[in-house]
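Hi,

Here is the structure I promised to send over.

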Amino acid sequence: MRDAEGELVRDLLPVPGWPAGRGGRPEGYCHRQMIDAVRYLVDNGIKWRAMPSDFPPWPRVRAFFARWRDAGLVGRAA
């Protein structure tokens, strides 16, 4: 993801609970890494478990994706 793309999506992503005092831990991976991992997964049509080791662990990427999906940021293509 280029810097310009990152600037566009930064404000759209859900904010974790810990800065607002709602509990939880600080996130261990930046959103840009997670977006790159999801884009790689979609572009290459791989399974979650086949995520290359260059990206964060697949369970974390899947959890971030689920959070974004639940927040309404991800939809299905028509």
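**Aromatic pairs and helices**

Phe64 and Trp68 are both buried (buried means under 20% relative accessible area, exposed over 50%, partly exposed in between, with a 1.4 Å probe and protein chains only). Before going on, a word on the source: this is a predicted model, in which local features need pLDDT of at least 70 and side-chain atom pairs count only at pLDDT 80 or more, while totals for chains, interfaces and linings use all residues. Residues are numbered from 1 along each chain as its sequence is written, and side-chain values use heavy atoms, with hydrogens and water left out.

Back to that pair. Phe64 and Trp68 both sit in helix α3, four residues apart, which is about one turn of the helix. (Helices are DSSP runs of H or I with at least four residues, strands are E runs of at least two, and numbering starts at the N terminus.) Rings of Phe, Tyr and Trp (its six-membered ring) pair if their centres lie within 6.5 Å; planes under 30 degrees apart are stacked, over 60 edge-to-face, and the rest tilted. By this rule there are three aromatic pairs. One of them is Trp48 with Phe65, which is tilted, at 5.7 Å centre to centre and 55° between the planes. Trp48 lies in the loop between α2 (31-44) and α3 (58-70) and Phe65 in helix α3, so this pair ties together parts 17 residues apart in sequence. The Phe64 and Trp68 rings have centres 6.1 Å apart and planes at 70°, so that pair is edge-to-face.

Trp58 is also in helix α3, and at 24% relative accessibility it counts as partly exposed. Leaving out residues up to four places away in sequence, Trp58 touches Trp48, Arg49 and Met51 (contact means heavy atoms within 4.5 Å).

Ala37 brings us to α2, where His31, Met34, Ile35, Ala37, Val38 and Leu41 are buried. Seen down the axis of α2, its buried residues fall within an arc of 160° (taken from the directions from the helix axis to the C-beta atoms), so they line one face of the helix. After α2 comes Gly45, with a positive phi near 65°.

As for the whole protein chain, it has three helices and zero strands, in the pattern α-α-α. Buried residues make up 22% of its 78 residues.

Cheers
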